[in-house]
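Dear colleague,

I am handing over the structure that we talked about, and you will find it just below. Please look at it for a while before you read the notes that follow.

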Amino acid sequence: MNPMKVCSVRLNDGHFMPMLGLGTSAPSQVPKSKVEEAVQTAIDVGYRHIDSAYLYQNEEEIGRAIGKKIADGTVKREDIFYTTKVWGTFFRPELVRTSLDTSLRKLGLSYVNLYLIHFPVALKPGEEFIPKDKDGEVIFDTVDLCATWEAMEKCKDLGLTKSIGVSNFSRRHLERILNKPGLKYKPVCNQVECHPYLNQSKLWEFCKSKDIILTAYAALGTDFRKEWVNKNCPVLLKDPVLNAIAAKHGRTPAQVALRFQLQRGLVALVKSFNEKRIQENFQVFNFQLTPEDMESLDGLNKNIRYFPDEFVSHPDYPFYDEN
């Protein structure tokens with residue numbers, strides 16, 4: 001059997017995506033060499049889904065790690081599901097492929113498996129990730145998301161990516177794409193912040209109705225070392241309900257939080273640069289939460305977002321649906 005199909009979900013374009021992926025966004029304190037080590041460790045453990053982005057600026061390291069694991073015979077290229085994302089400074093249609101070509105060059109790959117629109121906000125093109133004027137205000141760009149999407153479709157047609165999707169999209173952003181005249185490909189997934197404190201139940205129901213997979217990032221809460229994270233939020237992995245269920249099953253709170261998403265039918269991304277935790281986080285396919293466990297975890301929803309809106313001055317704000 002194709003290893004890609006084991007513990008995978010079928011996307012609406014016929015490709016398969018492993019349900020558990022390694023996230024690679026790292027705080028600035030983490031050396032990029034640690035990302036390279038983490039990817040190699042994860043592939044050795046059994047992860048076949050690696051998630052990154054142009055914004056993370058670590059694709060050279062990830063490419064080296066994947067290359068080493070292919071060279072030593074651990075995996076073939078077709079065993080790996082790799083995701084990258086186009087950042088807002090590349091949303092003009094003529095720049096969408098430029099971003100992907102840059103990622104492919106850094107990775108040393110001829111294609112990615114999934115190419116996502118990172119966030120539904122166009123920013124002024126240029127070298128700065130968050131371009132600002134002399135008053136410190138973010139400089140947006142006026143680009144129709146549908147035009148960006150058409151450029152994404154061309155990347156798929158060219159074979160530079162197997163699938164295309166979106167990230168951080170609300171229902172109305174998704175509808176803007178889905179209702180586009182002449183739509184060639186639907187998004188295969190929407191990658192959003194999702195965990196027991198923000199279960200995204202309404203968005204998940206909508207995505208299911210449109211045959212779009214929901215992918216959960218920050219599935220364990222978040223790393224509070226990151227500069228942009230809301231430091232006032234409670235720590236998910238210390239939640240007493242989560243810990244009680246973990247103790248009952250002889251599992252870690254992290255394993256239970258991940259298992260919760262998988263049993264809901266979501267794809268989950270989990271991030272660690274610690275070898276022991278990378279191994280532990282992968283051990284989520286050999287136990288089952290009870291319906292009562294699932295109900296208790298679902299009841300933890302508090303609509304808490306660890307990642308606050310960066311673009312509150314944008315005319316389209318707020319970007320998120322009420323859960």
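As a place to begin, which residue in S8 does valine 166 stand opposite? Please keep in mind while you look for it that this is a predicted model. The residue across from valine 166 is asparagine 190 in S8. The two strands concerned are S7, which covers residues 161-167, and S8, which covers residues 189-193, and they pair in the parallel sense over two bridges. In general, the strands of a sheet pair through backbone hydrogen bonds, and this can be either parallel or antiparallel.

On the side of H1 the contact is made by Ala38, Thr41, Ala42 and Val45, while H9 contributes Glu275, Ile278, Gln279 and Phe282. Sorted by class, the residues in this contact of H1 with H9 are five nonpolar, two polar and one charged.

Two single residues also deserve a careful look. Threonine 148 lies in helix H4, which runs over residues 145-157, and its relative accessible area is 0%, so threonine 148 is buried. When its neighbours within four places in sequence are left aside, threonine 148 is in contact with Phe91, Val96, Ile117 and Val143.

The other residue is glutamate 61, which has its place in helix H2 (residues 59-71). Is glutamate 61 buried or exposed? Its relative accessibility is 12%, and therefore glutamate 61 counts as buried, since the cut-off for buried is under 20% relative accessible area. Not counting residues up to four places away in sequence, glutamate 61 touches Lys32 and Glu36. Glutamate 61 and lysine 34 are 27 residues apart in sequence, and their C-alpha atoms are 9.0 Å apart in space.

Conventions
Residues are numbered from 1 along each chain as its sequence is written. This is a predicted model: local features need pLDDT of at least 70, side-chain atom pairs count only at pLDDT 80 or more; totals for chains, interfaces and linings use all residues. Side-chain values use heavy atoms; hydrogens and water are left out. Contact means heavy atoms within 4.5 Å. Helices (H or I, at least four residues) and strands (E, at least two) are DSSP runs, numbered from the N terminus. Ala, Val, Leu, Ile, Met, Phe, Trp, Tyr, Cys and Pro count as nonpolar, Asp, Glu, Lys and Arg as charged, and the others, Gly among them, as polar. Buried means under 20% relative accessible area, exposed over 50%, partly exposed in between (1.4 Å probe, protein chains only). Two strands pair if DSSP finds at least two bridges between them.
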